[in-house]
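Please take a moment to look over the sequence and the fold before reading on.

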Amino acid sequence: MSSGKKLVAYFSCGGVTAKAAKTLAEAADADLFEIKPKVPYTAADLDWTDPRSRSTVEMKNPASRPEIAERVKNMAEYDVVFVGFPIWWYVAPTIINTFLTSYDFVGKTIVPFFTSGGSGAGNTDKILRSLCLPTVSWKPSKRLSGGVSRESLGEWIASLGI
């Protein structure tokens, strides 16, 4: 395992991704950073059944880049960045696109992870990786549950060779 600094950056609405991210940060001996929208999402914003809801409008527009409230102040210090999010419409929420296009990840390893109610990652890796290439080492995304154990995360991290 490398001795480089690690960061777990995550976006969470319902708390499941936050719980997985906190356990991952412990298992990886990583710093933790919450990706928060500048304008917080309300319950109405997250109503995926409403075609006019904020989340639906954002997800229908691949160019959408919701503004983030705070930046990672010391991103240059990290060698490995785990990026976590819930799956929305079979891909990462567009705020993750904002996060990935807001920093210089040259020479870093990006490790995406996601939570979902049962759906897979869809085209998530393809879409997110295209925002970062060719300057990063990209690891395939992994589905985690909110109750994932520190031990299983340790095994996953070890398997990544980072």
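A residue is called buried when its relative accessible area is under 20%, and exposed when that area is over 50%. With this in mind, and remembering that the model is a predicted one, we can begin with helix α5, which spans residues 150-160 and whose buried residues are L153, W156, I157 and L160. These four cover an arc of only 100 degrees around the axis, which means that they lie on the same side of α5. An α-helix has 3.6 residues a turn, so residues three or four places apart point the same way. The other side of α5 carries the exposed residues E151, E155, A158 and S159, while the cover over its buried residues includes α1 (16-28), β3, β4 and β6 (142-143). Just after the helix, G161 adopts a positive phi of about 70 degrees.

From here we can turn to the interior. In soluble globular proteins, nonpolar side chains tend to be buried together. The largest nonpolar core of this model has 31 residues, and those with the most contacts inside it are I35, M75, V81, I96, F99, L100 and F105. Two or more residues come to this core from each of β1 (5-10), β3 (78-86), α3 (94-100), β4 (109-115) and α4 (124-132). A second, separate core of 20 residues includes L24, W156, L160 and I162. Returning to V81, and leaving aside residues up to four places away in sequence, we find that V81 touches L7, M75, F99, F105, K108, T109, I110 and V111.

In one of them, the ring centres of Y41 and W88 are 5.8 Å apart and the planes stand at 85 degrees, so the pair counts as edge-to-face. This pair links distant parts of the chain, 47 residues apart, with Y41 in the loop between β2 and α2 and W88 in the loop between β3 and α3. Over the ring of Y41 sits the charged end of R54, 3.8 Å from the ring centre.

The loop between β2 (31-34) and α2 (54-60) also holds K38. Not counting residues up to four places away in sequence, K38 touches E67, I68 and A69, and the C-alpha atoms of K38 and E70, which are 32 residues apart along the chain, are separated by 7.6 Å.

Technical notes. Residues numbered from 1 in each chain as written. Predicted model: local features only at pLDDT ≥ 70, side-chain atom pairs only at ≥ 80, totals over all residues. Heavy atoms only, no water. Contact = heavy atoms within 4.5 Å. Core = buried A, V, L, I, M, F, W, Y, C linked by side-chain atoms within 4.5 Å. Buried < 20%, exposed > 50% of the residue type's maximum accessible area, 1.4 Å probe, protein only. Arc of directions from axis to C-beta. Phe/Tyr/Trp six-rings, centres within 6.5 Å; stacked < 30°, edge-to-face > 60°. Lys NZ or Arg CZ within 6 Å of the ring centre and 35° of its normal.
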